[in-house]
Amino acid sequence: MSRVLTLAAAQLGPIARDEPRTSAVQRMIGLLRQAKAAGAQLVVFPELALTSFFPRWYFTDQAQIDSFFEPEMPGPETRPLFEEAASLEVGFYLGYAELTEEAGVRRHFNTSILVDAGGRIVGKYRKVHLPGHSEYEAWRPFQHLEKRYFEVGNLGFPVYRAFGGNLGMCICNDRRWPETFRVMGLQGVELVMLGYNTPTHYPPAPEHDHLQCFHNHLVLQAGAYQNGTWVVAVAKAGREEGCDLIGQSCIVAPTGEIVAQCSTLQDELILARCDLDRCREIQQNIFNFALHRNPESYRLITDTRGVVAPIGSPQQQHEA
């Protein structure tokens, strides 16, 4: 039985702060239809795909903050996307701001979901690696307040059996952390889906601005190769409310090779036929975890959060 999954990356251009969700949804429906016409079975949309990237602004009114969040999924404005996907028999990944209640407490997460070809939610992920800061910083040309508006995800990095393979999700900054891919790799992941909103300008280290696109592909290709998995990464791109976002949405093979890439900063669709069995080329050979991993040597990864003093350092000698 063939395990070839025809996958589409559906990049979005800028979404204005006053652009209604209905407009964003209609744009995504248009991309869904293009994808179906091209033979796609699964379409991946960006992070926070329903609104402008609101963490770039400082808000103090909780009601104003909550207006960017979805209290239900699907809701009245997003249901047409689910209905169209079910009609087309195409699945999708969608990133959005989730407002929920757990144990009587209101919770706010940067979330993604996996929806099957029948329009049913079959997987959920909540962003773990929240970048940025939590308070207003006047020196910045724009804010990055994810730590203010979101909580750290509490679902871990689950892998779901869907679309004939083992599928996982992450979001934006998660892609920079090798642990993200490794935890899913240890569950036999064969496709990692992620959306991102990445500015061209990085205020804390502007000397790295020219490397933003390079670093984007570097971590995606490394994560794919080191875990023998397909990776699809999809941007919200272009000049959004005065902030330039990189594009480069791409699909990466388990060998680390980019097999498809967007060439604009607008709404754009790219496709690739992803043979999930190719994951075995890596997973059963150089990165055969059962044969080659030595987890007893890696305890420091989970035993500490920050850097510990190396052997023989003055700090270690003082503590001794």
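Which residue forms a salt bridge with R21, and how far apart are the closest N and O atoms? The legends below take this pair first and then turn to other close-up views.

This is a predicted model, in which local features need pLDDT of at least 70 and side-chain atom pairs count only at pLDDT 80 or more, while totals for chains, interfaces and linings use all residues. Residues are numbered from 1 along each chain as its sequence is written, and side-chain values use heavy atoms, with hydrogens and water left out.

**View 1. The salt bridge of R21 with E70.** The partner of R21 is E70, and the closest N and O atoms of the two are 2.6 Å apart; a salt bridge here is a side-chain nitrogen of Lys or Arg within 4 Å of a carboxyl oxygen of Asp or Glu. The pair links distant parts of the chain, 49 residues apart, with R21 in helix 1 (residues 21–37) and E70 in the loop between helix 2 (62–66) and helix 3 (79–88). Helices (H or I, at least four residues) and strands (E, at least two) are DSSP runs, numbered from the N terminus. Both R21 and E70 are buried, where buried means under 20% relative accessible area, exposed over 50%, and partly exposed in between (1.4 Å probe, protein chains only).

**View 2. Other salt bridges.** A search of the whole structure finds 23 salt bridges. In one of them the side chains of E137 and R140 meet at 2.7 Å, N to O; E137 counts as partly exposed because its relative accessibility is 25%, whereas R140, at 13%, counts as buried. The side chains of R278 and E281 meet in a salt bridge at 3.0 Å, N to O, and here R278 is partly exposed at 26%, as is E281 at 39%. Elsewhere, a network of salt bridges links E98, E102, R107, K124, R126 and E151.

**View 3. Helix 5 against helix 6.** Helix 5 (residues 178–185) and helix 6 (residues 212–227) pack at an angle of about 30 degrees, with their axes 10 Å apart, which makes helix 5 roughly parallel to helix 6. Axes are lines fitted to C-alpha atoms, for helices over the stretch in contact, and angles run from 0 to 180 degrees between N-to-C directions; those under 35 degrees count as roughly parallel, over 145 as roughly antiparallel, 65 to 115 as roughly perpendicular and the rest as oblique. On the side of helix 5, F181, R182 and G185 meet V219, G223, Q226 and N227 of helix 6, a contact being heavy atoms within 4.5 Å.

**View 4. The surroundings of I15.** I15 is placed in the loop between strand 1 (4–11) and helix 1, and with a relative accessible area of 0% this residue is buried. Leaving aside residues up to four places away in sequence, I15 touches A24, R27, A49, L50, T51, S52, K236 and E240.

View 5. Most residues other than glycine have a negative phi, and most peptide bonds are trans. A cis peptide bond, with omega about 0 degrees, joins M73 and P74, and P74 lies in the loop between helix 2 and helix 3. C172, in the loop between strand 7 (165–171) and helix 5, has a positive phi near 45 degrees and is buried, with a relative accessible area of 6%. Q248, found in the loop between strand 11 (243–245) and strand 12 (250–252), has a positive phi of about 65 degrees although it is not a glycine.
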